[in-house]
Amino acid sequence: MGGLAMGGLALALGLAALLACGTPGQHAGALTPQAAAQPPAAPPTSSPAAPQAASPSPPVTVNVGTLGLASDAGVYIALERGYFQEQGLDVRDTRFDAGARVIPALAAEQIDVGGGSPSSGLFNAMARGIGIEIVADRGRAGSDSSYMAFVLRRDLAESGAVREPADFRGRRVATIANDNANVIQFDRYMRSGGLTYKDADMAVMPGGDMIAALANGSIDMAAVAEPIPTRAVAAGAGVRWKGSHEVYPQQQAAVLMFSPTFGQEKTEAARRFMQAYLQGVRAYYDAFFRNRQRDEVVAILTRTTSLTDPRLYDEMVPFAVDPDGWVNEQSLTDDLDWLVREGLVPERPDLPRFLNRAYRDYALERLGPYVR
């Protein structure tokens, strides 16, 4: 029975299945969803905005690292709609071809802001004393979303051969990395039956390869994020067997991070960045969960991400994100516990030290809380 190759630094969290980017370059873009079927509603109201100082002139340069994923939507929408520009910021987006490259770039202060999943690479950097700050939500499993899912081989689903954790003993299960959100979800599921993920035959492979592997029977299930589940179902290779919300609701799958010195040396710029970012996040949330200006947002995302077919946004399940940027600290703690237990984070960092709510608090004072 094969095992997961240890040491893979996967910072694209369940979401990393969408790594469809080239070498780092100047860009803007990213997302992956389907709208909740609700009629258009009036724009949300909020508390009176707090006074704000005049925007700096000339604009302050802020270097951002993105992956071209759904969870980068807040940044891309803010860029396209001019929210950063309104805050006196010249945001320059560098597209990375893998999430594992974002943490070193943040640590070396080559970029000021980056997004990724809370996996071993991030926590090991923290354990080394690198002061990367987790500052806001960038994507989560949600309480009713199968954006991340267990995609079971079609014949196994139809025959009823797989019904419970014990049925995965010795079966080949694919994930994109050995330390990402999907592995932790699968392990939680297996533990509900008194087993662990190690009782399955785990395989690490790119998300795009999983569809063919399901079709030819070389894997039995894929634990992966959109758009792979939708594409696998469309190809007849698998069925969306369980959503992550059934196994681990509200798992914090991706976070927004600041470099060790961005908030200290450019405090006002960091605050303004957060305000514009949350405006972008709220626009995404409005589009895909409240059906407000959805066509406009989809047009932005098809221009700026690797998911260029607007039909995909009708077919895929949207990732969840908190419109006030709230980070699920309990989920981060639980996932860190798992990584430490599995030996992927040898030295446990003091996690609360790296969580900074100050920028989000500043933004909410000006934007007001999102009215749900």
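How many of the ten residues of helix α15 (residues 358-367) are buried? Seven of the ten are buried (under 20% relative accessible area, with exposed meaning over 50% and partly exposed in between, for a 1.4 Å probe and protein chains only), so α15 is largely enclosed by the rest of the structure. Helices (H or I, at least four residues) and strands (E, at least two) are DSSP runs, numbered from the N terminus. The structure is a predicted model, in which local features need pLDDT of at least 70 and side-chain atom pairs count only at pLDDT 80 or more, while totals for chains, interfaces and linings use all residues. Residues are numbered from 1 along each chain as its sequence is written, and side-chain values use heavy atoms, with hydrogens and water left out.

The pLDDT, the predictor's confidence in each residue from 0 to 100, averages 86 over the chain. A score of at least 70 is reached by 85% of the residues. Over residues 1-48 the pLDDT stays under 50; for this stretch the model has 196 contacts (heavy atoms within 4.5 Å) beyond four places in sequence.

The buried residues of α15 are Tyr 359, Arg 360, Tyr 362, Ala 363, Leu 364, Arg 366 and Leu 367. These residues pack against β5 (133-140), β11 (252-258), α10 (262-265) and α11. Gly 368, with a positive phi near 80°, follows α15.

An open sheet of five strands shows mixed pairing in the order β8-β7-β9-β6-β10, where two strands pair if DSSP finds at least two bridges between them. Its edge strands, β8 (201-204) and β10 (238-243), each pair on one side only. From one strand to the next, the twist averages 30°. Strands of a sheet pair through backbone hydrogen bonds, either parallel or antiparallel. Both senses involve β9 here: β7 (residues 172-175) and β9 (residues 221-225) pair in the parallel sense over two bridges, whereas β6 and β9 pair in the antiparallel sense over five bridges. Val 173 has Met 221 in β9 as its bridge partner, and Phe 150 stands opposite Ala 223 in β9. Five of the five residues of β9 are buried. Met 221, Ala 223 and Ala 225 point one way from β9, while Ala 222 and Val 224 point the other way.

Helix α6 lies across β6 (148-153), β7, β8, β9 and β10 and runs at about 65° to β6; axes are lines fitted to C-alpha atoms, for helices over the stretch in contact, and angles run from 0 to 180 degrees between N-to-C directions. Helix α7 (residues 207-216) packs on the sheet and touches β6, β7 and β9, its direction making about 155° with that of β9. Nine of the eleven residues of α6 (residues 181-191) are buried, so this helix is largely enclosed by the rest of the structure. Among its buried residues are Asn 182, Gln 185, Phe 186, Asp 187 and Tyr 189.

The largest nonpolar core has 53 residues, a nonpolar core being a set of buried Ala, Val, Leu, Ile, Met, Phe, Trp, Tyr and Cys residues joined through side-chain atoms within 4.5 Å. The residues with the most contacts inside this core are Ile 77, Leu 256, Phe 258, Phe 273, Met 274, Tyr 277 and Phe 288. Helix α11 (residues 267-289) supplies the largest share of this core, 14 residues. Beyond four places in sequence, Phe 273 touches residues including Val 62, Phe 84, Val 113, Leu 256 and Phe 258. A second, separate core of 46 residues includes Leu 106, Met 202, Met 257 and Val 345.

Ser 331 is placed in helix α14 (residues 329-341) and counts as buried at 3% relative accessibility. Its side chain reaches the backbone nitrogen of Gln 252 at 2.8 Å. Leaving aside neighbours within four places in sequence, Ser 331 is in contact with Tyr 248, Gln 250, Gln 251 and Gln 252.

Most residues other than glycine have a negative phi, and most peptide bonds are trans. A cis peptide bond, with omega of about 10°, joins Glu 226 and Pro 227; Pro 227 is found in the loop between β9 and α8 (228-234). Glu 109 has a positive phi near 60°, lies in the loop between α3 (102-107) and β4 (113-116), and is partly exposed, with a relative accessible area of 39%. Asn 291 has a positive phi of about 55°. This residue lies in the loop between α11 and α12 (294-304) and counts as partly exposed at 26% relative accessibility.

Conventions
A polar contact is a pair of N or O atoms within 3.5 Å; within protein, one must be able to donate a hydrogen and the other to accept it, and residues adjacent in sequence count only if both atoms are side-chain atoms.
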